[in-house]
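Welcome! Take a moment to look over the model below, and then let us walk through it together, one topic at a time.

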Amino acid sequence: MTLDEKAFKFKVEVVLKNGVLDPQGEAIKQSINFNNLGNVLEVKQGKLFELTVSSKDIKHAFQEVNKICSDLLANSVIEDFKYYEVSE
């Protein structure tokens with residue numbers, strides 16, 4: 001990190017797109033309902049990432065995180081992602 005850069009912290013959520021088969025989510029839903037822990041209609045499993053990036057400003061930090069998500073963290077064919085800045 002250089003003197004003119006700041007650290008920005010983000011959370012990234014990656015989940016399967018609607019309509020994509022989610023066997024792990026389905027197994028979790030069935031287990032919840034079978035064990036009378038609730039009446040759950042749908043479970044989507046996903047991934048959570050926490051990124052701390054060094055950038056000159058928040059606009060560039062958002063651009064960097066978007067590129068990381070689309071190029072590496074999510075498979076655009078079957079997954080959606082969203083990200084947001086978090087304070088510490």
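This is a predicted model, and its three strands form an open sheet in the order β2-β1-β3, with antiparallel pairing. The edges are taken by β2 and β3 (79–86), each of which has a single partner strand, so one side of each is left without a neighbour in the sheet. On average, neighbouring strands here are turned by 25° against each other, direction ignored.

**Sheet and helix**

- The antiparallel strands β1 and β3 are joined by eight bridges.
- Helix α2 lies across β1, β2 and β3, and it runs at about 140° to β2.

**The nonpolar core**

- Which residues make up the largest nonpolar core? There are eleven: Phe8, Phe10, Val12, Val14, Leu51, Val53, Ala61, Val65, Cys69, Leu73 and Ala74.
- At least two residues of this core come from each of β1 (6–16), β2 (46–55) and α2 (58–73).

**Aromatic rings**

- The structure holds three aromatic pairs. In one of them, the ring centres of Phe10 and Phe62 are 5.0 Å apart and the planes stand at 85°, so this pair is edge-to-face.
- Phe10 sits in strand β1 and Phe62 in helix α2, so their pairing ties together parts that are 52 residues apart in sequence.
- Are these two residues buried or partly exposed? Phe10 counts as buried because its relative accessibility is 0%, whereas Phe62 is partly exposed, with a relative accessible area of 31%.
- Phe62 also pairs with Tyr83: the centres of their rings are 6.0 Å apart and the planes are at 40°, so this pair is tilted.
- With Phe62 in helix α2 and Tyr83 in strand β3, this second pair ties together parts that are 21 residues apart in sequence.
- Tyr83 is partly exposed as well, with a relative accessible area of 23%.
- Taken together, Phe10, Phe62, Phe81 and Tyr83 form one aromatic cluster.

**A buried glutamate**

- Glu79 belongs to strand β3. Why does Glu79 count as buried? Its relative accessibility is 13%, and buried means under 20%.
- The side chain of Glu79 makes a polar contact, at 3.3 Å, with the side chain of Lys47.
- Beyond residues up to four places away in sequence, Glu79 touches Val14, Val15, Leu16, Lys17, Lys47, Leu73 and Ala74. Among these, Val14, Leu73 and Ala74 are part of the largest nonpolar core.

- Where is Val40 found? Look in the loop between α1 (23–34) and β2.
- Val40 counts as partly exposed, at 24% relative accessibility.
- Val40 and Lys29 are eleven residues apart along the chain, and their C-alpha atoms are separated by 6.2 Å.
- Lys29, Ile32 and Asn33 are the residues that Val40 touches, not counting those up to four places away in sequence.

Terms used:
Residues numbered from 1 in each chain as written. Predicted model: local features only at pLDDT ≥ 70, side-chain atom pairs only at ≥ 80, totals over all residues. Heavy atoms only, no water. Core = buried A, V, L, I, M, F, W, Y, C linked by side-chain atoms within 4.5 Å. Buried < 20%, exposed > 50% of the residue type's maximum accessible area, 1.4 Å probe, protein only. Helix = DSSP H or I, 4+ residues; strand = E, 2+ residues; numbered from the N terminus. Pairing = 2+ DSSP bridges. Axes fitted to C-alpha atoms, helices over the stretch in contact; angles between N-to-C directions. Contact = heavy atoms within 4.5 Å. Polar contact = N/O pair within 3.5 Å; in protein donor to acceptor, adjacent residues only side chain to side chain. Phe/Tyr/Trp six-rings, centres within 6.5 Å; stacked < 30°, edge-to-face > 60°.
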